[in-house]
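Trainee: I would like to go through this model and ask what stands behind each description.
Mentor: Go ahead; we can start with the domains.

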Amino acid sequence: MDYKLGVAQALKEQIGDALPIKKIVGLLENPKSAEHGDIAFPAFALAKAFRKAPQQIATELGETVHSPIVEKIEVVGPYLNFFLNKKEVSAAVLKEILEKGPHYGDADIGGNRNVPIDMSSPNIAKPISMGHLRSTVIGNALANILTKVGFNPIKINHLGDWGTQFGKLIVGYKLWGSEEAVKKDPIVELLRLYVKFHEEAEEKPELDDEAREWFKKLEDGDQEAQQLWKWFREESLKEFNHVYERLNITFDSFNGEAFYNDKMQEVMELLEEKNVLTVNDGATIVDLEKYNLNPALIKKSDGATLYITRDLAAAIYRKRTYDFAMSLYVVGNEQSNHFKQLKAVLKEMSYDWSDNMHHIPFGLITQGGKKLSTRKGKIVLLEEVLDDAVASALEQIEEKNTDLPNKEVIADQVGIGAVVFHDLKNDRLNNFDFTIEEVVRFEGETGPYVQYTRARAMSILRKSGIAGIDTTVDYPLDDAYSWEIIKLLESYPDDVQRAYEKFEPSVIAKHAIHLAQAFNKYYANSKVLADDAQKPARLALVQSVATILKEDLRLLGVQAPDQM
Ligand code: ARG
């Protein structure tokens, strides 16, 4: 039910051709305080067309505009404040949610078109960083939101499984490594070899030459190099998959950088054909001066291709394979220059579809205001963060509810959910600080708070003794506390759309927090289970809140335990 549209239509009947309906909808505001009504229209938007003072226009419209969903209109200066008919609106909103269930808010904007989402994309032989965690959970939430508005997302893990670092790793392994050590703790050991390589190479630069040679061998298909590379990749992927399993996140493709190795030749030919290459000091570049960007280095003087060359191949491959409507890259803000260059090179090749490629950047996770660093082996291991969050959740659950069955399973859903929610609740470009205590709090604007509120709604429904809500009757409600909830339920489809348009999961997280807060206020101020005539309507409201909170959490990739 779209009440803004309803009000806009009622206005349109009186305004006539002065403003198109879309424009009117766009002008409607949500007043900050309830005493100014539910929707406001600024009449000065009509002053020019009507050649009258806004105040006078407002007064006249206040007398002529009528609609069954509008209870009264108050004119305050140049503003028309609409007070909606609470009973009509709540009955219609609840009916729609009870009928559609979790599909409330679904839209068909996408027409089932494909949207590849480049997400997570950690580097082999290194731990998944907190930055990769951000990319993973933001990408996953965007995939859910895109599905809800009718697109077909394709989640691609563009693994960092190629590049000169593999030459270094092979040299390090041959000099200082062993099979047992790698098998025992692959990422820690591979990282150790990598760090050691850098330390040693400072004194022995010939190691760098060896590493370059080994990477060249790898690119040329040398068997020993290939075998080691494959093994490192498999061992790393096993550990990554462990994290993905805990986060409950799956991928449609693990085609990483190496996948494009045999597609490099063609990319070079295409670049050649389109006449965009220049050779500079032996290196092959694309000049991007007219885009105000530094030249893109496509091929080094020793013939090795680069990160961006593989991204060019990947972009072209994705266009051909998926014929995408949009192609998204959920990657940290520090790579924004890379993606500008990538798009510019494709534009130079006259691939206009590059306009539909979007870098979705995000800010840093900090600790005590400082950037988390992986250098010098000082790393925050993601698995440990998840373990800590789950342990903290279990502690709090045990304090609250001692006879809860399968506490461990619920603690897992709460602890992991808390980390994911915390990551998604801020505008994605903001940096944010990370402390377990803050993340796993049951009060405040946290995932556990939303989960706990929904579990409370479920428990009310269990206690009510009713088997189910009759969806064929109307549930009119008109008290102030339920009205705050109804408004948030009513605006949900708009919020979903806004989350999609801005590629911003925080819109959904904020909706969940506001809905949970409104529900807890309602619960504290009304006798929900009292046996009177309004009881079924109150339960219909509780049921609708539970449905939408769960859907909010699902879109974010967070589970919603029925009890906690
Ligand atoms: N592996 C890269 C890193 O960790 C991220 C890759 C992002 N995706 C891409 N298509 N470039 O920095």
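Mentor: The C-alpha centres of domain 1 and domain 3 lie 33 Å apart. Keep in mind that this is a predicted model.

Trainee: What are the bounds of domain 1, domain 2 and domain 3?
Mentor: The domain assignment gives 3-84 for domain 1, 163-237 for domain 2 and 389-556 for domain 3.

Trainee: Which residues does UniProt list for "Arginyl tRNA synthetase N-terminal"?
Mentor: The unreviewed UniProt entry lists residues 5-84 for that domain. In the model this span is 41% helix and 21% strand, with its end C-alpha atoms 13 Å apart.

Trainee: Which residues does UniProt list for "DALR anticodon binding"?
Mentor: Residues 450-564, again from an unreviewed UniProt entry. That span is 67% helix and 0% strand, and its end C-alpha atoms lie 11 Å apart.

Trainee: How is the packing of helix H18 and helix H22 described?
Mentor: Two packed helices are described by the angle between their axes and the distance between the axes. For H18 (residues 447-463) and H22 (residues 535-556) the angle is about 145° and the axes are 9 Å apart. The crossing of H18 and H22 is left-handed.

Trainee: What makes Val450 of H18 part of the contact with H22?
Mentor: Two residues are in contact if their C-beta atoms, placed from the backbone, lie within 7 Å. Val450 is listed for H18, along with others including Ala457 and Leu461, while the H22 side includes Leu539, Ala546 and Leu553.

Trainee: Which residues does UniProt list for the 'HIGH' region?
Mentor: Residues 122-132, as a short sequence motif in an unreviewed entry. Over this stretch the chain is 27% helix and 0% strand, with the end C-alpha atoms 6 Å apart.

Terms used
Residues numbered from 1 in each chain as written. Predicted model: local features only at pLDDT ≥ 70, side-chain atom pairs only at ≥ 80, totals over all residues. UniProt positions renumbered as here; feature names shortened; annotations may be inferred. Helix = DSSP H or I, 4+ residues; strand = E, 2+ residues; numbered from the N terminus. Domains from an automatic or database assignment. Axes fitted to C-alpha atoms, helices over the stretch in contact; angles between N-to-C directions. Left-handed = near helix turned anticlockwise from the far one by under 90°.
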